[in-house]
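I opened this notebook to record a series of look-ups in one structure. The entries follow in the order in which I made them.

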Amino acid sequence: MARAKRELLLRAHRFRLRREDLEDCYSQATLELVSHVRNGHAFTDRVHVANALELRFLSRVRDRRRALCGRSPMQAALETATPLGGDCVGEVEIIDERATVERLVMLRDDLRGISRLARQLTTDQRLALAADLSGESASSFAMRSGWSQEKYRKVVQRARARLRRLVIAEQADVPSPGGASEKLAGPTYDHFSPHS
């Protein structure tokens with residue numbers, strides 16, 4: 001029944017929310033009904049299931065709209081936030097008004113370097129580190145990826161350590177400012193110029 005009604009309900013209510021939000025609401029409604037049945041409750045027939053599914057779906061849609069309209073400050077802030085990204089088309093540069101231009105250039109260069117070096121990590125390390133930096137919980141990532149929480153913790157720990165070593169190694173390749181040219185004395189200009 002959930003598969004049969006899915007597209008119909010999502011199309012019928014597409015003006016209320018974005019597609020992703022509608023799909024989330026529909027999934028929540030479906031899970032609520034499955035939980036309801038597992039707790040020993042029953043429905044009289046298919047029409048009863050369909051009506052219950054639609055009512056729960058609409059209830060989740062209304063909850064989501066209320067959250068986006070300001071009842072949940074966090075949801076309202078997330079809804080109006082501009083996404084930050086590395087490879088997306090509408091990439092946003094964050095400007096720190098307090099930073100001097102030189103400091104800002106150095107920080108951006110450091111970020112580009114870290115991004116470049118992160119490509120040398122394994123796929124698992126990049127995946128786990130991205131999840132960690134995005135704030136995703138270990139349990140959520142473990143459930144989504146099929147990993148244990150201990151594996152996730154270890155992979156993130158190794159990814160951070162390897163990235164740190166890569167950054168240190170790259171910085172060691174840069175010659176220090178006090179090179180040989182400053183140690184050797186050059187010609188002095190104590191003599192008088194013939195043009196003076």
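I began with S27, which I located in helix α2. The model is a predicted one, and I read each value below with that in mind. Is S27 buried, partly exposed or exposed? I found a relative accessible area of 40% for S27; buried would require under 20% and exposed over 50%, so S27 is partly exposed. I then looked up a C-alpha separation: S27 and A2 lie 25 residues apart along the chain, and their C-alpha atoms are separated by 9.2 Å.

I turned to helix α1, which covers residues 2-12, and asked which of its residues are buried. I noted K5, L9 and L10 as the buried residues of α1. Viewed down the axis of α1, these buried residues fall within an arc of 125 degrees, so they line one face of the helix. I recorded R3 and A4 as exposed on the other side of α1. As background, an α-helix has 3.6 residues a turn, so residues three or four places apart point the same way.

I next examined the largest nonpolar core and counted 14 residues in it. Within this core, L17, L22, Y26, F57 and V61 have the most contacts. Which elements give two or more residues to the core? I listed α1, α2 (19-38) and α3 (46-71). The greatest contribution, six residues, comes from α3. I then took L22 by itself: leaving aside residues up to four places away in sequence, L22 touches L10, H13, R14, L17, F57 and V61.

I looked up the volume of the second largest pocket and noted about 350 Å³. Its lining consists of I114, A118, L121, R126, L129, A130, L133, S134, R160, L163, R164 and V167. The elements that give two or more residues to this lining are α5 (101-118), α6 (123-134) and α8 (149-173). I recorded α6 as the source of the largest share, with five residues. By class, I found eight nonpolar, one polar and three charged residues in the lining.

Conventions: Residues are numbered from 1 along each chain as its sequence is written. This is a predicted model: local features need pLDDT of at least 70, side-chain atom pairs count only at pLDDT 80 or more; totals for chains, interfaces and linings use all residues. Side-chain values use heavy atoms; hydrogens and water are left out. On a 1 Å grid over the protein atoms alone, a cavity is a set of points where a 1.4 Å probe fits but cannot get out, and a pocket is an open set with protein on both sides within 12 Å along at least five of seven lines; lining residues have an atom within 4 Å of a point. Grid points are joined across faces, edges and corners, and a volume is the space filled by probe spheres set on the points. Helices (H or I, at least four residues) and strands (E, at least two) are DSSP runs, numbered from the N terminus. Ala, Val, Leu, Ile, Met, Phe, Trp, Tyr, Cys and Pro count as nonpolar, Asp, Glu, Lys and Arg as charged, and the others, Gly among them, as polar. Buried means under 20% relative accessible area, exposed over 50%, partly exposed in between (1.4 Å probe, protein chains only). The arc is that of the directions from the helix axis to the C-beta atoms. A nonpolar core is a set of buried Ala, Val, Leu, Ile, Met, Phe, Trp, Tyr and Cys residues joined through side-chain atoms within 4.5 Å. Contact means heavy atoms within 4.5 Å.
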